[in-house]
Every structure is written in structure tokens, then in C-alpha cells.
Amino acid sequence: DTSPVHLPGYDLTFNAPKSVSIAAFVLGDDKVVEAHDSAVKAALAYLQANAVQARQTTRGETRAVYTDNVIAALFRHDTSREQDPQLHTHAVVINATERKDGEWRAIWNIELYRQQAVATAIYRAEMARELQRCGYRIETGYDGRFGIAGFSAEQLASFSTRREQIEQILNARGEHGAAAAQRAAFASRKSKEVIDRSVLLPIWQENAHKVGIDKAEVRGQPVRFSAAENQLQAESALAWAIEHLSERQSVLERRELYKHALQKSVGTATLRDVEGAFARAVKDGRLLEAGERRFTTPELIRIERESLALLRRGQKSASPILATEAVEDKGRARGLNAGQIAAAQLILGTKDRCVGIQGYAGVGKTWSLRLAAELAKENGFTVRGFAPSAAAAQVLESDAGICAQTIHSHLLDRKSVV
């Protein structure tokens, strides 16, 4: 049977930090659960307005259109598979949405997947803010992660059986990283078992007593947030997000700006604050529209114009390094395909000072670069590589045989010489 299989829905899972789960269930604070529920709904409201699409065909052209509606059922759970306290909610999104023309269609899920990280950032920002209103101090980490302050690493580990299991598997395999952890988690997880909370709670409380959680002072006076302070924090976070993304992109996705701004300001700003800062940035010209939900800045436009002018000045202003016939012979001897040879010919045979090569991952761009670099060196040229990151520079060295460094380190070297 080759007919397409209908996907009934999507499971969007929102997980609270371990310290939050302990406060909710071991210390028995219902306010924490309420904060979690509110944060989940805030994230879903954003997804409904910004990520749910359906396909629509008009005059033979099919495109994705936003529908602004979603059907979702929320299932809040309070334990992990290992029966540790773990506050999390499964938002089961039904694979059906109503278009503006009244027609019901399946969800076109590309944007839903793209917005996952934004939804997580919204959840964490809302949760962190609300917990402080309840009197909890928070600690922030990288990419918007946070936890309730006052718990020791030992105390958190005592309720993190699953994490310990995964770390043991990774150590045994000699692996590390998020992808390896996910593989280990799926390969080793056991079936879910439902155990009544009345059975688990005494066990949790006994464990909490052993590690001193029952004496932990994690709740104090509620934090009062002022509108002016929220605005200031959101403005600062958005400015950082614009600068951060502008380092490698000339067109900025709104969702990426939201995500990075929320991650930067977790605990001090929420989506509403960032949306306000974003609207002000558009109004005063710091952000300029560049297509649907895409933006740029006056500085990026200036850089693009200068780059184009530089490219034009460099056209037909250089001598080719090597004739294309010689490159083809060498490339065929190496077993390169036609596209890889053509790329090397462009590099070595152009009369322009700047050329660009674009290729999908895995098509062998580094083989072209290696061939071009070797032939250039044989003809008396010094070949240097510059990359935006240390990892990319390392790839140039290891895969293409090009002595490389990051752009930032090169600029610093030039400053030190001056």
C-alpha cells in the first residue's frame, strides 16, 4: 500500500526544570503548578497565532497560509518514567485547522517545527517571571535555561534517576552531546507505569529528608516587576539579539529575534515585553521589513551595499591562476565529479577578485577547495582560509588542507601589528 499515512497529531511537550518539579510536588506548592500551566498556555497561544499553517491552492499555485487556530488537548503529568517528580505537560495538537475561507485542512507543519525553540523560550520566560512573583529566586543558565535557586547539585541529582542512567550509558559508550543523549534516552527508556501519588509522596519526602530538601530555604518575598524595568530589559535583550544574529545574517527572522531576546532576558522579560520592544524598533526604524516576518537593519543594508560595491570593483580586475583545462585534467584524475571540478575551475580561472560557491551539505565542496588550494600552491600562491567560527576553520584545515583561522582572530592579529 503506497497511499500516504495520515498523521493524527503532534505531541508538544513542555518540561519544567527539576528544581521546579521538586518545589511543586515534594514541597507541595500548588502555585508552582499554576505557573507552569499558565506558561504552557502562553506558549501555545503564540504558536496558534504564529506557527499554524495549512496549504491553499489558488490559480494552480500552492502556498502555506496562516490559519490562527489550533485544536489542542493538554495532559499534565507529575512523574518521570523512573517515578521521580517531573512536572511536564503534553500538548497534543490535532492535525486539523480551519483556513480563513472556512475549509478544514491538515496542518502544514514546517513552521510549527521551526517555532519549537521559540515556544520553549516563551514557556521558560513566563515560568521564570511567575515563580519570582511567588517568592522564588531563580538561577539562569545558557540558552534561557533556569532553575529555582537554593537547591544543591546533590539534592537535584537525588531526584534525577533518569539523567544519571543516561550519563552512565554515555560514559560506557564514550559518547557525549545532546544528540548522543537523546539516542541513549530512547534506546534505554522503559514503559510508562502509573503509580498513585499517595504511594510516591512518602518516598519522595523520605528522600528529601535524607538530602536536606525539607529544610531548603528556596522561597522568600515575592518580586514586584515594574513596567519601566520590564521595558528596559526587553529593549536591551532585543538589541543583543539583533547584534548577535547580524554577525552572520543580513535578513533576520522575527522568530529568531524573539527566541534570542527571550533567552537573554529570562527571568526579567516575557513575550509581551519583547513584542513591545520589537514594535518600537520597527516604528523608529531600527528594524526594517524585508519580507514576510523578516527584517533587516540600516547597518546591514549599508554593509550589503558596500559589499556589492566591492564586488563590482573587483570584476575583471585579476588574472586567472590556472587554465580551466589543467584543472579539469587534475580533477578527473582525482575522481571528482563535474560539479566539483566546475567549482575548482571557477576559483582558479576567474578574472574577478571575489567569487561565490554554494552547495548543499555533502556534495563535496571541500574536495573542490582542496583541489583548488593544491593547484594554487603549485603555481606559487599562498592560500589562507578565514571562517566565522573555530569549528569551520578547523574543517578548512582538516578537510581542505587550507591553513585557516577565524575572521575575528585575523582582525585581532592585524590590530596587534598596527
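These notebook entries record what I looked up in the predicted model.

I worked with a predicted model in which local features need pLDDT of at least 70 and side-chain atom pairs count only at pLDDT 80 or more, while totals for chains, interfaces and linings use all residues. Residues are numbered from 1 along each chain as its sequence is written, and side-chain values use heavy atoms, with hydrogens and water left out.

Cysteines. I searched for disulfides, taken as pairs of cysteine sulfur atoms within 2.5 Å, and the count came to zero. I then looked up accessibility (buried is under 20% relative accessible area, exposed over 50%, partly exposed in between, with a 1.4 Å probe and protein chains only). Cysteine 134 is buried at 9%, whereas cysteine 354 is partly exposed at 38%.

Aspartate 273. I located this residue in helix α11, residues 271-283, where helices are DSSP runs of H or I with at least four residues and strands are runs of E with at least two, numbered from the N terminus. Aspartate 273 is buried, with a relative accessible area of 15%. Setting aside neighbours within four places in sequence, I found aspartate 273 in contact with Arg129, Asn230, Ala234, Thr268 and Arg280, contact being heavy atoms within 4.5 Å.

Strands. I took two strands as paired if DSSP finds at least two bridges between them. Strands β2 (53-58) and β3 (61-66) pair antiparallel over six bridges, with alanine 54 opposite valine 65. Their hairpin has two residues between the strands, and arginine 59 there takes a positive phi near 50°. I also traced an open, antiparallel sheet of three strands in the order β10-β12-β11; its edge strands, β10 and β11, each pair on one side only.
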